[in-house]
Amino acid sequence: MTSGNIQLLSETLAKAKAENRAALIAYLPAGFPTVDGGIAAIKAVFDGGADVVEVGLPHSDPVLDGPVIQTADDIALRGGVKIADVMRTVKEAHEATGKPVLVMTYWNPIDRYGVERFTEELAAAGGAGCILPDLPVQESALWREHADKHGLATVFVVAPSSKDARLATITAAGSGFVYAASLMGVTGTRESVGEQAADLVRRTRATSELPVCVGLGVSNATQAKEVAAFADGVIVGSAFVQRILDADGDEAAGLAAVRELAGELAAGVRRVS
């Protein structure tokens with residue numbers, strides 16, 4: 001039985017902590033701008049300094065995602081991206097870099113594909129686990145059973161609205177790390193990430209030893225530094241996607257832009273104030 005890379009994910013986050021910094025976690029959708037282009041973009045982001053990458057499984061109704069990621073998902077879906085392409089993206093990105101690669105997906109595609117089949121293929125591809133933003137913890141037993149069997153992390157999302165008792169329930173069921181959504185609402189870049197996120201990290205840490213990584217809103221080195229001061233990891237998605245959109249079909253320019261942004265963010269998470 002193939003085993004996934006939850007151990008690699010945990011070691012990567014622990015290494016960042018040992019270096020007295022936050023980990024940089026990047027998000028890019030599979031199949032965007034094409035399957036090959038998406039794989040190249042992930043390699044470029046790792047090359048620029050990302051520690052971990054989340055590969056988005058494009059969805060026709062991405063309720064948590066703002067307009068930038070929705071645009072990328074539309075491009076990927078129009079290009080005919082399939083779950084097999086997501087698995088190939090994970091496999092090639094991990095094999096080329098030796099770094100941890102997760103999948104971020106809504107529950108419906110996994111449910112339709114089959115939990116056992118999905119976890120088995122993700123582990124075989126060298127995946128480190130899955131971020132499941134819309135899977136309620138109380139309905140996650142089947143997923144967790146198969147994820148555990150295959151050495152995959154189950155990352156749940158907590159929000160500022162989550163009460164302390166609820167946080168404890170979520171973190172007890174999760175593995176790998178906890179994804180703290182810094183703001184209520186959809187993904188996208190923000191002017192400030194701020195105090196709500198710091199409070200959520202503090203409350204989440206009180207319930208668990210798992211690393212707490214903050215996403216939703218970070219788009220530049222200054223914000224990365226701000227979040228790195230209180231979180232174990234800084235998650236950036238829309239800003240990377242926007243760089244590729246801005247390149248307007250020029251693949252080399254897009255790759256250079258995401259590599260450069262990763263470098264700036266990697267410097268940001270290392271600047272301890």
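In which hand of crossing does H3 pass H11? Keep in mind that you're looking at a predicted model. In this model, H3 goes past H11 in a left-handed crossing. The axes of H3 (residues 67-78) and H11 (residues 238-246) come within 9 Å and cross at roughly 55°. That angle makes H3 oblique to H11.

Who does the touching here? On the H3 side you'll find Val68, Ile69, Thr71, Ala72 and Ile75, and H11 brings Ser238, Val241, Gln242 and Leu245. Sort the residues of this H3 and H11 contact by class and you get 6 nonpolar, 3 polar and no charged ones.

## Another pair: H6 and H7

Now find H6 (residues 115-124) and H7 (residues 141-149), with axes that come within 9 Å and cross at roughly 30°. The cut-off for roughly parallel is under 35 degrees, so H6 and H7 count as roughly parallel to each other. H6 passes H7 in a right-handed crossing.

From H6, the residues Val115, Glu116, Phe118 and Thr119 meet Leu142, Trp143, His146, Ala147 and Lys149 of H7. By class, this contact between H6 and H7 has 5 nonpolar, 2 polar and 2 charged residues.

## The nonpolar core

The largest nonpolar core holds 91 residues, and those with the most contacts inside it are Val45, Phe118, Trp143, Phe177, Val234 and Phe240. Helix H12 (residues 251-270) gives the largest share of this core, with 7 residues.

Most residues other than glycine have a negative phi, and most peptide bonds are trans. Here are some exceptions to look up. Phe32 and Pro33 are joined by a cis peptide bond, with omega about 0°. Pro33 sits in the loop between strand S1 (23-29) and helix H2 (35-48).

Asn20 isn't a glycine, yet its phi is positive, near 60°. You'll find Asn20 in the loop between helix H1 (6-18) and S1. Is Asn20 buried or exposed? Its relative accessibility is 55%, so Asn20 counts as exposed.

Asp248 is another non-glycine residue with a positive phi, about 55°. It belongs to the loop between H11 and H12. With 69% relative accessibility, Asp248 counts as exposed too.

Methods
Residues are numbered from 1 along each chain as its sequence is written. This is a predicted model: local features need pLDDT of at least 70, side-chain atom pairs count only at pLDDT 80 or more; totals for chains, interfaces and linings use all residues. Side-chain values use heavy atoms; hydrogens and water are left out. A nonpolar core is a set of buried Ala, Val, Leu, Ile, Met, Phe, Trp, Tyr and Cys residues joined through side-chain atoms within 4.5 Å. Buried means under 20% relative accessible area, exposed over 50%, partly exposed in between (1.4 Å probe, protein chains only). Helices (H or I, at least four residues) and strands (E, at least two) are DSSP runs, numbered from the N terminus. Axes are lines fitted to C-alpha atoms, for helices over the stretch in contact, and angles run from 0 to 180 degrees between N-to-C directions. Angles under 35 degrees count as roughly parallel, over 145 as roughly antiparallel, 65 to 115 as roughly perpendicular and the rest as oblique. A crossing is left-handed if the near helix is turned anticlockwise from the far one by less than a right angle, and right-handed if clockwise. Contact means heavy atoms within 4.5 Å. Ala, Val, Leu, Ile, Met, Phe, Trp, Tyr, Cys and Pro count as nonpolar, Asp, Glu, Lys and Arg as charged, and the others, Gly among them, as polar.
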